[in-house]
Amino acid sequence: MTYRIFPSIGIARLGADPNFILGPEVPGAGPGELQTDGTLGQVTSFKSADKTKIRKRGARFYLFESAGGNTWVPANLPAGAQVTWTVSLENKKAAVKRGSSPSIAAVHPELEAGSESMVIKGGTRTVAGPNQTSAPFSGTFATTAPNGTAFNANVELGFLKTDAQGRLIVLGGSGISGAPAGVAVGPSFYKNPKWFDDVSDGPVKAEIRLTPTAAPVEAEGGAWVVVAPPDYAPGITCPVTLYDVVRQVGITHLALPDIASVSFDRDIAPLIERVRRLQFVHDFRMVRPPQVLS
């Protein structure tokens with residue numbers, strides 16, 4: 001039997017309230033409240049009970065299995081089997097070479113010479129069994145202030161949990177940022193030298209023991225988790241979603257079968273609805289008024 005982790009890329013989001021919700025797990029769905037049976041219910045609130053903090057949004061990972069490598073189904077492990085999840089998180093934002101705006105081409109990040117101390121290495125954590133919680137991911141951000149004095153900050157990047165069925169939930173940081181005294185924000189939204197925050201990303205692995213004495217089997221390929229900023233408008237998404245982009249890459253480059261026919265409900269209506277909802281976050285003052293022809 002072969003095992004894999006799904007999703008291959010999970011998206012968690014920052015939040016100061018540790019009372020978390022879970023991110024969407026099927027295309028087109030929104031986040032949900034974790035129920036005792038493992039399903040997702042409707043979110044009751046995106047903020048803490050006193051409305052002062054944003055709730056963390058976790059990324060949940062599942063273990064799937066396949067006998068031949070073609071058809072994958074949720075893993076059906078025997079009683080007594082144990083899955084050990086391992087995750088490493090880092091934040092390299094302040095140490096990476098970057099211009100004043102993002103590149104339009106895919107670029108592998110490279111560290112600036114001498115910037116290694118600004119890489120926040122949260123470390124590696126493991127968790128196994130149902131309803132468990134790991135120690136936090138924690139690392140140090142170190143640089144110098146404009147006056148030459150040393151600046152150090154301890155930054156927590158999140159922690160791991162498991163649900164009642166032993167599936168992994170990755171939870172990110174609290175949404176903090178900072179810099180030495182006297183360091184201004186800028187020069188652009190994309191480049192803020194010597195500033196840190198607590199977003200992160202890293203690999204996800206799973207080790208399966210079918211019995212206490214059996215040799216461990218590692219889920220092939222692993223997975224990746226990205227801890228992103230909060231979603232301040234959960235009901236509003238881009239007309240073209242990340243799922244759309246990744247799916248098209250699969251069809252174009254990875255031999256993923258294309259759809260046999262277009263469905264209005266599945267393929268067209270969601271685009272119209274996403275565009276319609278953008279009106280609630282759109283500044284109409286930026287739109288040029290229509291030209292009057294004489």
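**Contacts, strand pairing and ring pairs in a predicted model**

Asn19 is in contact with Arg55 and Lys56, once its neighbours within four places in sequence are left aside. This residue belongs to strand 3, which covers residues 17–22. With a relative accessibility of 46%, Asn19 counts as partly exposed, because that class covers values between 20% and 50%. A separation of 38 Å, C-alpha to C-alpha, was computed between Asn19 and Gly114, which are 95 residues apart in sequence. The model described here is predicted.

The protein as a whole contains 17 strands and two helices. The C-alpha trace spans about 70 × 65 × 45 Å along its principal axes. Of the 294 residues, 32% count as buried. Among contacts between residues at least 6 apart in sequence, 63% join residues at least 24 apart. The side chains include 28 positive and 25 negative ones, and the centres of these two sets lie 5 Å apart.

Strand 8 pairs with two other strands described here. Strand 8, residues 82–91, is joined to strand 9, residues 120–128, by eight bridges, and the two run antiparallel. Within this pairing, Thr84 has Ala128 of strand 9 as its bridge partner. Strand 8 also pairs with strand 15, residues 200–209, again in the antiparallel sense, over seven bridges. In that case Thr86 stands opposite Lys205 of strand 15. In a regular strand the side chains alternate between the two faces of the sheet.

Six aromatic pairs occur in the structure. One of them is formed by Phe141 and Phe151, with 6.4 Å from centre to centre and 75 degrees between the planes, an edge-to-face arrangement. Phe141 lies in strand 10 (residues 137–144) and Phe151 in strand 11 (residues 150–162), so the pair ties together parts that are 10 residues apart in sequence. Phe141 has a relative accessible area of 0% and is therefore buried. Another pair, between Phe189 and Tyr190, is tilted, with 6.3 Å between the ring centres and 55 degrees between the planes. Phe189 counts as exposed at 70% relative accessibility, whereas Tyr190 is partly exposed, with a relative accessible area of 26%. Ring pairs also link Phe6, Phe64 and Trp72 into a cluster.

Phe6 takes part in a further local feature: the peptide bond from Phe6 to Pro7 is cis, with omega near 0 degrees. Pro7 is located in the loop that connects strand 1 (2–6) and strand 2 (9–13). A cis peptide bond is also found between Gly186 and Pro187, where omega is about 20 degrees. Pro187 lies in the loop between strand 13 (177–178) and strand 14 (196–197).

The loop between strand 13 and strand 14 also holds Lys194. Although Lys194 is not a glycine, its phi is positive, at about 70 degrees. Lys194 counts as partly exposed, at 27% relative accessibility. A positive phi is likewise present at Ala255, a residue other than glycine, with a value near 65 degrees. Ala255 is placed in the loop between helix 1 (242–253) and helix 2. The relative accessible area of Ala255 is 70%, so this residue is exposed.

The segment after helix 2 (264–277) contains Phe280. Phe280 has a relative accessible area of 57% and is exposed, because the cut-off for this class is over 50%. The C-alpha atoms of Phe280 and Asp37 are separated by 35 Å, and the two residues are 243 residues apart along the chain.

How values were computed
Residues numbered from 1 in each chain as written. Predicted model: local features only at pLDDT ≥ 70, side-chain atom pairs only at ≥ 80, totals over all residues. Heavy atoms only, no water. Pairing = 2+ DSSP bridges. Helix = DSSP H or I, 4+ residues; strand = E, 2+ residues; numbered from the N terminus. Buried < 20%, exposed > 50% of the residue type's maximum accessible area, 1.4 Å probe, protein only. Contact = heavy atoms within 4.5 Å. Lys, Arg positive; Asp, Glu negative; His and termini not counted. Charge placed at Lys NZ, Arg CZ, Asp CG, Glu CD. Phe/Tyr/Trp six-rings, centres within 6.5 Å; stacked < 30°, edge-to-face > 60°.
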